[in-house]
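Biologist: Hi, I've got a model open and I'd like to talk it through with you. Can we start with the overall picture and then zoom in?

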Amino acid sequence: MPVRSTGAARADLIADTALDLLAELGMRGLTHRAVDTAAGLPPGSTSNLARTRLALLEAAVRRLAEREARVLGLDEMPDPRGGLDSLAEGLALAVHRSLTGNRELLIARYELALEATRRPELREFFDATGRQFRDALTGMLTAAGSRDPARHVLSLVAWADGLMFSCAAGSYHADVPSLGEVRAGLREVLEGMLRR
């Protein structure tokens, strides 16, 4: 991986490398030295950016949120008032992109989520960065006519997270569903929430 020269680009390189190491080696494989080596940076570069392990983890979480926002395409979601099919299609595309081209990013997220259960200071940071996704879903489901958006968002996130975990790290890791299958599942979930 080539060394980038600007401070922001170097910070992204370090955070991206940290995510790669988390996906490949797990939490034990993430060290400042390992990031320097894997990123092709001079020794001490990662420590200069993130002095502590917590700072390195926070940089990884921040970058994870940026990259997942692009993968999920929250700014590309259809107007939820366009109907159930439109909403199911937009959400299915987002989930399917995560499953088919971003497995390593999902695994890094699970590593960070588990670490956050042991580190309250990381938990707070992890939850704050994830709030943008919950807030976007709350807005979509409210606009689609949900009578209980908070509860429905929890159900939708649980469904999507369960599917993504099963296909990235669980018993379905070798059998990723097609876009049509994801769309059908999401449509069933959304119908249960929004049709009365």
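This is a predicted model: local features need pLDDT of at least 70, side-chain atom pairs count only at pLDDT 80 or more; totals for chains, interfaces and linings use all residues.

Biologist: In what order do the elements run from the N terminus on?
Modeller: They run α-α-α-α-α-α-α-α-α. The radius of gyration is 18 Å, close to the 16 Å that the globule rule gives for 196 residues, so the chain is as compact as a globular protein of that length.

Biologist: What box do the C-alpha atoms fill?
Modeller: Roughly 60 × 30 × 30 Å, taken along the principal axes.

Biologist: And how many of the residues count as buried?
Modeller: 43% of the 196 residues do.

Biologist: What about contacts between residues 24 or more positions apart?
Modeller: Those account for 66% of the chain's contacts with a separation of 6 or more.

Biologist: Switching to charge: how many positive and negative side chains are there?
Modeller: There are 25 positive and 26 negative ones. The centres of the two sets lie 3 Å apart.

Biologist: OK, let's zoom in. Where does E115 lie?
Modeller: In helix α6, which covers residues 103-116.

Biologist: Is E115 buried or exposed?
Modeller: Buried. The cut-off is under 20% relative accessible area, and E115 counts as buried because its relative accessibility is 11%.

Biologist: Which side chain does E115 have a polar contact with?
Modeller: The side chain of R119, through a polar contact of 2.9 Å.

Biologist: What else is E115 in contact with, leaving aside its neighbours within four places in sequence?
Modeller: M27, L57 and L122.

Biologist: I'm also curious about A108. Which helix is that in?
Modeller: A108 is in helix α6. With 0% relative accessibility, A108 counts as buried.

Biologist: Which residues is A108 in contact with, again skipping the neighbours within four places in sequence?
Modeller: L19, L22 and A23.

Biologist: And what separates the C-alpha atoms of A108 and L54?
Modeller: A distance of 15 Å, with the two residues 54 apart along the chain.

Biologist: Can you wrap up the two residues for my notes?
Modeller: E115 is buried at 11% relative accessibility and has a side-chain polar contact with R119. A108 is buried at 0%, and its contacts beyond four places in sequence are L19, L22 and A23.

Definitions and conventions. Residues are numbered from 1 along each chain as its sequence is written. Side-chain values use heavy atoms; hydrogens and water are left out. Helices (H or I, at least four residues) and strands (E, at least two) are DSSP runs, numbered from the N terminus. The radius of gyration is taken over C-alpha atoms; the globule rule is 2.2 Å times the number of residues to the power 0.38. Buried means under 20% relative accessible area, exposed over 50%, partly exposed in between (1.4 Å probe, protein chains only). Contact means heavy atoms within 4.5 Å. Lys and Arg count as positive and Asp and Glu as negative; His and the chain ends are not counted. The place of a charge is taken as NZ of Lys, CZ of Arg, CG of Asp or CD of Glu. A polar contact is a pair of N or O atoms within 3.5 Å; within protein, one must be able to donate a hydrogen and the other to accept it, and residues adjacent in sequence count only if both atoms are side-chain atoms.
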